[in-house]
Amino acid sequence: MSKSIGFYCPHCGTRMHVSSRKKPSPLLHELIVQCRNENCLASFAASLEMVRPIQNSINPNPDVQTGLPQHKRQWELELEHQLKSLELLPEIADEQKNYVEGFISALFHASTIDLTRAQTYRQRLQQIKLL
Ligand SMILES: [Zn+2]
């Protein structure tokens, strides 16, 4: 396995080749890239991460759609934290619920989460509001 990829050696500018790869999650690939310049031979560990979908698969893998817990993004951890604290203490001020609602909308409009995810989070929020 030695494929050319769009990484260029920072020392000499030669296009680098992938000498090995690991796949810690379906969305994250860790690569070892090597410079092929015989007068350089630098190598690096590199990460290739798919950060958001541009177009959904017509045959999506359900594990990928929900995201893997070990690779949850920072915003997602923040949102989970906010929702959990509201679920534990539903009497918390309305401002915090409005904040979470705004957060969900912002993520959706920035295409960070899809409609299904946004609705799941909104449903959780609505259940808290009914308490
Ligand atoms: Zn080089």
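Before the layout, a word on terms: two strands are taken to pair if DSSP finds at least two bridges between them, and helices (H or I, at least four residues) and strands (E, at least two) are DSSP runs numbered from the N terminus. This is a predicted model, in which local features need pLDDT of at least 70 and side-chain atom pairs count only at pLDDT 80 or more, while totals for chains, interfaces and linings use all residues. Residues are numbered from 1 along each chain as its sequence is written, and side-chain values use heavy atoms, with hydrogens and water left out.

The chain has 4 helices and 4 strands, and along the sequence they follow the pattern β-β-β-β-α-α-α-α. Strand E2 (residues 15-25) and strand E3 run antiparallel and are joined by 7 bridges, and they form a hairpin with 2 residues between them. Within this pairing, Met16 has Cys35 in E3 as its bridge partner.

Cys35 brings me to the metal. The zinc ion has as its protein donors the SG atoms of Cys9, Cys12, Cys35 and Cys40, lying 2.3 to 2.4 Å from it, where donors are N, O and S atoms within 2.8 Å of the metal (3.2 Å for Na, K and Ca), and since water is not among the atoms, sites may look incomplete. Along the chain these donors follow the spacing C-x2-C-x22-C-x4-C. The angles among the 4 donor atoms are 97 to 117°, and the site is tetrahedral, a label given to four donors if all angles lie between 85 and 135 degrees.

Cys9 counts as buried because its relative accessibility is 3%, whereas Cys12, at 32%, counts as partly exposed. In the loop between strand E3 (28-35) and E4 we find Leu41, which has a positive phi of about 65° although it is not a glycine, and which counts as exposed because its relative accessibility is 57%.

Let me turn to the interior. Buried residues make up 22% of the 131 residues in the chain. A nonpolar core here is a set of buried Ala, Val, Leu, Ile, Met, Phe, Trp, Tyr and Cys residues joined through side-chain atoms within 4.5 Å. The largest such core has 13 residues, of which Leu79, Leu83, Val100, Ile104, Ile113 and Leu125 touch the most other members. The elements giving two or more residues to this core are helix H2 (74-88), helix H3 (94-109) and helix H4 (115-130). Apart from it lies another core, of 8 residues, among them Cys9, Met16, Cys35 and Ala46.

Taking contact to mean heavy atoms within 4.5 Å, Val100 is in contact with Leu79, Gln82, Leu83, Leu86 and Leu125, once its neighbours within four places in sequence are left aside.

Finally, helix H3 also holds both Tyr99 and Phe103, which are 4 residues apart, about one turn of the helix. Phe103 counts as buried because its relative accessibility is 17%, while Tyr99, at 44%, counts as partly exposed.

Note on methods. Buried means under 20% relative accessible area, exposed over 50%, partly exposed in between (1.4 Å probe, protein chains only). Four donors count as tetrahedral if all angles lie between 85 and 135 degrees; four count as square planar and six as octahedral if opposite donors are over 155 degrees apart and all others between 65 and 115; anything else is irregular.
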